[in-house]
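Thank you for passing this structure along for comment. Please look through the sequence and the coordinates first, and then read the points below beside them.

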Amino acid sequence: MNNIFVYCEIEDREIADVSLELLTKGKSLAKQLACKLEVIVLGSDLNGIENKLYKYGADVVHVGDDKRLSPYLTLPHSKVIVDLFTKEKPQVGLFGATSIGRDLAPRIASAMKCGLTADCTSLEIGEHYEKKTDTKYENLLYQIRPAFGGNIVATIINPETRPQLATVREGVMKMEVFDEAHKGELKKINVDELFDDADFVVKVIERHIENKKVNIKGAGIIVAGGYGVGSKENFKLLYDLAEVLGAEVGASRAAVDAGFAEHERQIGQTGVTVRPKLYIACGISGQIQHRAGMTESSMVISINTDEKAPINQIADYVITGDIAVTIPKMIKYYKKNSK
Amino acid sequence: MKALKIIVLAKQVPDTRNVGKDAMKADGTVNRAALAAIFNPEDLNALELALQLKDQVKGSSLTILTMGPGRAAEVIREGLYRGADHGILLTDRKFAGSDTLATSYALAQTIDKMKPYDVVFAGRQAIDGDTAQVGPQVAEKLNLPQITYAEEIVNVKSNEILIKRRLDRGVEVVSSSFPVLITVHSSAPDCRPRNAKLLMKYKHAKTVTEIQDMSEDYLDIFQNRSYLKIEEWSVNDIVVDEEALGLGGSPTKVKKIENVVFKAKESKKLTPLDEDIDMLMKELIENHTIG
């Protein structure tokens, strides 16, 4: 009872990376709280899935295996989870901040009248003293996220309500096998007894899962542009440099909002989190929401006309100047001097 | 097919793209008074899809609902200028400090009072919080199915709507019966501009509170043109458990707020001159960062 629960997301018959990342984080939180780590996985043809989850630290795996649970639909998934949470009374429930997790978690929080924090970048255990009621709370989940357009970082707590729910962005937490030999317990959920027709009023008619053509998450070098690039045309410079270096092109939210680059290239809090060995930031001012998605880059080069751009403070190299001047010189030198 | 009653949830938000130092109050909540207030961008996308649905299904009506302080009536006027038929401003000090759960409760109770309705539209998320929670939570409280991240209305038939959704990886077309709640993604079409005729018609639309400051002449006009009245509802107009509202009804508390301070790192300063760029590229090639 009162364990940590992770919702395991299935995507193209595979466990989503973000779910394994949450297991790794959940395991370390569970150790701190001296409780178990439990996983709930819903879908169809899930035979044997528990074995993969055990080695990431799951002590208990709840499986709901039914054709009607795949593809994902809000109502049946939330119904099974709310039923399980009501019985098991978790202290913490974690979801990926994905299309699915952000659709599902609020529905559960509303049904259970408990607090939920979206898009956390960090989770910690801590205490809280409430002056008004002279109450001390221990072992609370600190849910840490950038807020308010990235101008502040807020630590959110839910002192009174359980479970404490949070969604976490993909790629923000590390994914590590806990122990290849770790074994847990499998618990099958009889979902059939929970469902009625009203749970299936929304039907999936068709679906194109487009694997991202651009793979900025896996790129070793990223050339990223911000609003300061100025136009979609100017972004071509970034593509030129990326092509020469074998890099991918990324963009800040401001650049995507301005239509300079496609949404799938967005890096940061509301986009993808990346950890390349080299990050070249072109005309990016560096709001925290952007930095949240690239701060673990091994090396950062910032090219910006504004010497005071916040991103310069985390850059290894700061080139104060125009990208239209700088990038062609970089390309020229590289072409001449690399094999 | 029968006419639809459509509700659009819209929020007036501080323009978080231009934030000054006085933006936060000591208790960690946002000092909205210090910031320019705008129509939340994705709520405009929601309004556009709602207007398209209204255009497609003859005789349908569209009511825009917003919760906020008195000045949020501006959001309703914007909606009227673009084709909404009615507006309701839900405003009360008792809502102050609401998190998403308390907000969705107040909105759900308001929508319940607006019955019957067929479709509730809302933006996916608001730029001041980026949580994307209020839409699904309102749906849960009203026991409605939800379709999140809508990008396009594919088709509408009697008692069925087909919606294309924008997902992290790809798209999906789903169908639902009515009533349903739909949240709209920024990839949906931009909202149509203000209509000049509607702007003339509604520019003097006001809430009861706003009318108090107006002259006698204006009151005469107002009496004769009932469409100028923007409904203003308070806690007393809806059925609610007051303990579930505002700061007290919000399970999430802000423990700590940190202004963003960057950890300064030793960085090498360069110019775009040839020798600097060449030196940098040489270093990157030599230490195998590139190449």
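Predicted model: local features only at pLDDT ≥ 70, side-chain atom pairs only at ≥ 80, totals over all residues.

1. I would begin with the contact between the two chains, where 77 residues of chain B meet 79 residues of chain A. Together chain B and chain A bury about 6800 Å² between them, and carbon and sulfur atoms account for 56% of that area.

2. Which kinds of polar pairing are found between the chains? The count of salt bridges between chain B and chain A is six, and one example is the salt bridge of Arg169(B) with Glu170(A), in which the closest N and O atoms are 3.4 Å apart. There are also 39 residue pairs in polar contact between chain B and chain A, counting pairs in which both residues have pLDDT 80 or more.

3. On the side of chain B that touches chain A, several elements each supply at least two residues, including helix 4 (134-141), strand 7 (146-157), strand 8 (160-167) and strand 9 (170-176) of chain B. The largest share of this side comes from helix 8 of chain B, which gives nine residues. Sorted by class, the side of chain B that touches chain A consists of 33 nonpolar, 21 polar and 23 charged residues.

4. Turning to chain A by itself, the domain assignment divides it into domain 1 (4-200) and domain 2 (221-337), and the centres of these two domains of chain A, taken over C-alpha atoms, are separated by 34 Å. In the contact between them, domain 1 of chain A takes part with 12 residues and domain 2 of chain A with nine residues.

5. The area buried between domain 1 and domain 2 of chain A is about 890 Å², with 42% of it from carbon and sulfur atoms. Zero salt bridges are counted between these domains of chain A, while three residue pairs, both residues at pLDDT 80 or more, are in polar contact. The side of domain 1 of chain A that touches domain 2 of chain A has four nonpolar, five polar and three charged residues.

6. Is Asn40(B) buried or exposed? Asn40(B) lies in the loop between strand 3 (37-39) and helix 1 (41-56) of chain B, and it counts as buried because its relative accessibility is 0%. Leaving aside residues up to four places away in sequence, Asn40(B) touches Lys11(B), Val13(B), Gln125(B), Ala126(B) and Ile127(B).

Technical notes. Residues numbered from 1 in each chain as written. Chains lettered and ligands numbered in written order. Heavy atoms only, no water. Domains from an automatic or database assignment. Contact = heavy atoms within 4.5 Å. Buried area = accessible area lost by both parts, 1.4 Å probe. Salt bridge = Lys/Arg side-chain N within 4 Å of Asp/Glu carboxyl O. Polar contact = N/O pair within 3.5 Å; in protein donor to acceptor, adjacent residues only side chain to side chain. Nonpolar A, V, L, I, M, F, W, Y, C, P; charged D, E, K, R; others polar. Helix = DSSP H or I, 4+ residues; strand = E, 2+ residues; numbered from the N terminus. Buried < 20%, exposed > 50% of the residue type's maximum accessible area, 1.4 Å probe, protein only.
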